Amino acid sequence: MLDHLGRTQATLKDQFGAILVGQSETGKRCHKPNGARQIYEALKAQIEDGVYRPRDQLPSTRALAAEFGASRTTITAAYEQLLAEGFIETRQGRRAFVAPALRSGRLSRAAGNQATRTARLSAFGRRLLDLSGPPIATEAQQVDFRYGDIAAADFPSLTWRRALTKVLTASGPRSLRYQDPQASMELRTALQAYLWRARSLRCGVEQIIIVNGSQQGLDLCSRILLDPGDRFVIETPCYWAARHVFESSGAMPQFVPVDEDGLQTQALKDVKKARLCYVTPSHQFPLGHVLSASRRAQLLQWADKAGAYVIEDDYDGEYRYDIGPIQPLHVFDEAAHVIYLGTLSKTLSPLLRLGYVVVPPELIHAFRTAKRLTDRHSPALEQAALANFLHSGAYERHVRKLRRKNAQRRSALLEALAEHFGEAIELQGAEAGLHVVAWFKKLDAAQEVAIAQNARHNGVGIYPVSGLYENGRGSAKRRAGFVFGYAALEAREIRHGVARLASALRER
């Protein structure tokens with residue numbers, strides 16, 4: 001509500017700010033017979049156009065008077081006219097608000113015109129119309145296995161609040177200005193040290209760019225590296241948001257299948273003139289395979305020969321349970337063409353919109369400039385708090401705690417699936433990450449959407465895997481498969497959800 005009022009007040013200022021200085025809409029000088037009348041007309045127009053909706057509060061007379069340089073008497077006169085005509089109502093101790101029962105023919109006509117009007121879009125805008133994500137439950141689920149979510153209770157609220165408070169109390173007026181588009185030197189230095197400790201990744205601080213989540217990192221890669229008609233290599237199945245951000249540039253995907261050793265790099269010999277290759281080598285999304293050492297070498301050799309960049313998305317590298325951490329491609333001597341992409345959405349919160357890109361030296365200027373033009377820089381307060389979090393060691397303690405908790409959640413899911421489905425399912429990707437893929441041996445892939453809808457009707461959110469494949473039809477084996485995310489649920493919720501799912505499937 002506050003945000004809406006702020007926007008509408010700004011619109012009012014735009015609409016009749018010129019009137020207050022004696023300007024007409026065409027920019028010519030005009031006569032100003034009565035300030036109250038003109039303010040009344042402008043407010044009435046805002047109400048009729050739906051900028052102020054029924055029951056919305058209007059700005060106080062004091063606020064409008066200060067905003068537009070008019071007297072409170074003038075503003076009050078305009079409000080009294082609106083009150084007399086039934087556009088607004090007043091209550092003791094409250095600001096004036098739009099009459100609840102008000103219906104506007106002008107607003108209805110405008111809405112009707114908008115419904116029949118065709119959008120005039122750029123080529124980019126028209127491409128977006130053909131892109132959509134995986135199905136999302138429209139109603140709240142008792143148990144939602146949506147992948148990518150994490151538990152709100154896992155967020156280190158107290159520690160993060162302390163870090164923010166320290167930043168706010170230490171910052172002076174000099175901090176109230178636009179910042180370095182790459183991020184503060186303090187944060188990049190802290191992140192550089194963390195990546196070396198946690199991922200064995202060596203890089204210069206100048207190679208690190210903080211982005212608003214890994215999705216912005218992908219968007220910057222798309223803008224900088226792809227032109228309409230270019231080709232890009234991507235795994236199948238794959239992370240749908242990466243595929244779509246590259247396709248939105250007008251580039252064409254070249255799909256390469258994966259197996260138990262990850263991306264089938266022998267297929268790269270048939271790929272011609274690709275500009276980049278997007279991979280998830282440490283934990284293939286969604287199937288969970290690790291790209292083997294020999295195939296890593298083959299991928300890097302291909303990139304060097306083709307002059308292509310490899311985008312390595314290490315989206316959940318902190319979570320390995322049965323084996324040690326997998327070294328990223330970036331640590332190899334041959335990795336001159338690797339762009340490393342990381343995120344804090346899986347360890348802190350996707351609401352913070354914090355991620356990072358480590359780029360080769362020759363791309364630093366292009367990424368820095370693109371970041372500045374896109375949004376100037378990522379939020380400075382969050383940057384400073386994260387730097388404090390990393391320097392103090394609190395972040396790594398938090399990650400270790402999360403790893404233990406998510407290992408328990410994973411165990412609860414695997415045990416529940418085994419109890420209720422036994423040999424009827426096959427699991428993939430359980431060794432790491434925050435999700436598993438369950439293949440139902442006796443159910444056909446064509447049934448996935450109907451099964452997911454039936455589960456939702458029974459209070460369980462599950463998500464088909466077919467939409468993550470090249471053709472949207474799932475694996476060659478044609479079994480029904482679903483991605484189960486578990487990081488946002490507690491063990492008892494996981495067990496309850498699997499039991500409800502089993503019951504729903506029996507009743508089909």
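Arg 202 lies over the face of Trp 196, 3.8 Å from the ring centre. The rule here is that NZ of Lys or CZ of Arg is within 6 Å of the ring centre and within 35 degrees of the ring normal. A second case is Arg 376, which lies over the face of Tyr 178 at 3.9 Å from the ring centre.

Before I go on, the conditions. This is a predicted model, where local features need pLDDT of at least 70 and side-chain atom pairs count only at pLDDT 80 or more, while totals for chains, interfaces and linings use all residues. Residues are numbered from 1 along each chain as its sequence is written, and side-chain values use heavy atoms, with hydrogens and water left out.

Now the overall content. The protein chain has 16 helices and 16 strands; these are DSSP runs, helices being H or I of at least four residues and strands E of at least two, numbered from the N terminus. Of its 508 residues, 49% count as buried, where buried means under 20% relative accessible area, exposed means over 50%, and partly exposed is in between, with a 1.4 Å probe and protein chains only. Taking contacts with a separation of 6 or more, 72% come from residues 24 or more positions apart. Contact means heavy atoms within 4.5 Å.

Next, the sheet. In what order do the eight strands of the open sheet run? The order is 4-11-10-9-8-5-6-7, and the pairing is mixed. Two strands pair if DSSP finds at least two bridges between them. At the edges are strand 4 (208-211) and strand 7 (262-263), each of which pairs on one side only. Strands of a sheet pair through backbone hydrogen bonds, either parallel or antiparallel. Strand 10, residues 338-343, and strand 11, residues 355-358, run antiparallel and are joined by four bridges. Within that pairing, Gly 342 stands opposite Tyr 356 in strand 11.

Two helices lie across this sheet. Helix 11 (residues 293-306) lies across strands 5, 6, 7, 8, 9 and 10, at about 155° to strand 8. Helix 12 (residues 364-375) lies across strand 4, strand 10 and strand 11, and runs at about 20° to strand 4. For these angles, axes are lines fitted to C-alpha atoms, for helices over the stretch in contact, and the angles run from 0 to 180 degrees between N-to-C directions.

On to the aromatics. The structure holds 15 aromatic pairs. Rings of Phe, Tyr and Trp, the last by its six-membered ring, pair if their centres lie within 6.5 Å; planes under 30 degrees apart count as stacked, over 60 as edge-to-face, and the rest as tilted. One of the pairs is Tyr 194 with Tyr 395, edge-to-face at 5.3 Å centre to centre and 80° between the planes. Tyr 194 is in helix 8 (residues 185-199) and Tyr 395 in helix 14 (residues 394-421), so the pair ties together parts 201 residues apart in sequence. Both Tyr 194 and Tyr 395 are buried.

Phe 285 and Tyr 315 have ring centres 5.8 Å apart and planes at 85°, so this pair is edge-to-face. Phe 285 sits in the loop between strand 8 and helix 11, and Tyr 315 in the loop between strand 9 and strand 10, 30 residues apart. Phe 285 counts as buried because its relative accessibility is 6%; Tyr 315 counts as buried at 10%.

A cis peptide bond joins Phe 285 to Pro 286, with omega about 10°. The bond from Thr 236 to Pro 237 is cis too, with omega near 5°, and Pro 237 is in the loop between strand 5 and helix 10 (240-247).

Which residues other than glycine have a positive phi? Ala 183 has phi near 125°, and Ser 200 has phi of about 60°. Ala 183 is in the loop between helix 7 (157-170) and helix 8 and is buried, with a relative accessible area of 2%. Ser 200 is in the loop between helix 8 and strand 4 and is partly exposed at 30%.

Last, Val 143, in strand 3 (residues 143-144). Val 143 is buried, with a relative accessible area of 2%. Leaving out residues up to four places away in sequence, Val 143 touches Gly 459, Val 460, Gly 461, Leu 489, Glu 493, His 496 and Gly 497. Val 143 and His 496 are 353 residues apart in sequence, and 7.8 Å apart in space, C-alpha to C-alpha.
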